[in-house]
Amino acid sequence: MTQKVAVLGTGKIGEALLSGMLRAGWKPENLLVTARRAVRAKELHARYGVESVSNEEAAKTADTLILAVKPQDMSALLAELAPHVAADRLIISAAAGVPTSFFEERLADGIAVVRVMPNTPVLVDEGMSVISAGSHAGEEHLLRTEEIFQPVGKTLRIPEYQQDAATALSGSGPAYFYFLVEAMTDAGILLGLPRAQAHDLIVQSAIGAAVMLRDSGEHPVKLREAVTSPAGTTINAIRELEKHGVRHALIAALEAARDRSRELASGSG
């Protein structure tokens with residue numbers, strides 16, 4: 001934690017990482033941030049006590065640079081950073097669909113790049129951050145990356161070729177659950193419940209089911225079967241889900257998300 005880390009692009013994800021590092025024991029003087037707007041820089045300083053600097057200064061002084069800008073802004077950012085980033089720096093990218101080779105081609109020869117796909121629950125310290133090493137990143141760089149992302153949830157190392165699948169499952173994953181809760185809430189209203197009550201029933205059921213999945217060690221089929229009595233209400237609902245092809249639709253949806261991630265990685269726009 002004596003190394004200096006700069007977060008470039010302190011939007012929601014960047015700020016969540018910054019907050020997580022501080023809670024994990026990083027000192028504000030070892031953390032730098034960049035922000036496009038002066039008012040945002042002042043806000044971050046007031047809230048966290050960290051110094052706001054230019055991208056050039058961050059590149060010159062930080063040992064680790066976390067690039068948390070949008071994928072479409074990454075090329076311009078790297079052009080700005082390239083003259084100032086030494087080969088002994090660690091670059092951590094949190095941009096969806098951008099491969100490590102993209103950074104390696106634009107920065108100093110031999111620079112270590114680690115690609116991370118976090119998801120939005122990092123905002124509540126329950127994120128899933130999937131980590132892949134670039135060509136020149138070793139164990140030391142992966143451990144440093146985990147040290148940054150573990151305070152805001154879990155981390156998982158995978159080979160980079162699996163990142164598109166992980167993006168479909170985990171990066172986009174929270175949206176699927178929100179979509180399901182939205183549909184179930186509408187169903188609750190249709191069945192005669194007030195919206196607020198339907199929402200509370202569904203959200204608590206989702207939290208309980210997630211904790212059981214995480215802590216029980218049981219396969220989801222076994223957990224589902226424990227709720228599904230013969231000729232009961234649940235099996236009738238499951239029959240309708242199967243009849244309407246929900247399982248097939250989910251698989252197709254995740255394949256579409258994976259394919260889009262591949263398009264972004266290839267620069268298809």
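## The main core

The largest nonpolar core holds 25 residues, and Met21, Ile66 and Ile148 have the most contacts inside it. A nonpolar core here is a set of buried Ala, Val, Leu, Ile, Met, Phe, Trp, Tyr and Cys residues joined through side-chain atoms within 4.5 Å; buried means under 20% relative accessible area, with a 1.4 Å probe and protein chains only. Bear in mind that this is a predicted model: local features need pLDDT of at least 70, side-chain atom pairs count only at pLDDT 80 or more, and totals for chains, interfaces and linings use all residues. Residues are numbered from 1 along each chain as its sequence is written, and side-chain values use heavy atoms, leaving out hydrogens and water.

Helices (H or I, at least four residues) and strands (E, at least two) are DSSP runs, numbered from the N terminus. H1 gives the largest share, 4 residues.

Leaving aside residues up to four places away in sequence, Met21 touches Val5, Val7, Trp26, Leu31, Ile66 and Ile148, where contact means heavy atoms within 4.5 Å.

## H1 against H2

H1 and helix H2 (residues 38-48) pack at about 20°, with axes 12 Å apart. Axes are lines fitted to C-alpha atoms, for helices over the stretch in contact, and angles run from 0 to 180 degrees between N-to-C directions. That makes H1 roughly parallel to H2, a label for angles under 35 degrees. The contact is made by Glu15, Leu18, Ser19 and Leu22 of H1 and Arg40, Leu44, Arg47 and Tyr48 of H2.

Take Ser19, in helix H1 (residues 12-23): Ser19 is buried, with a relative accessible area of 17%. Ser19 and Arg47 sit 28 residues apart along the chain, with their C-alpha atoms separated by 9.5 Å.

## H7 and its cover

Over in helix H7 (residues 163-171), the buried residues include Gln163, Asp164, Ala166, Thr167, Ala168 and Ser170. Their cover includes E6, strand E7 (127-133), helix H8 (173-190) and helix H12 (246-266).

The H7 and H12 axes come within 8 Å and cross at roughly 130°. That makes H7 oblique to H12; oblique is what remains after under 35 degrees (roughly parallel), over 145 (roughly antiparallel) and 65 to 115 (roughly perpendicular). On the H7 side the contact includes Asp164, Thr167 and Ala168, and on the H12 side Leu254, Ala257 and Arg258 are among the residues involved.

Notes. Buried < 20%, exposed > 50% of the residue type's maximum accessible area, 1.4 Å probe, protein only.
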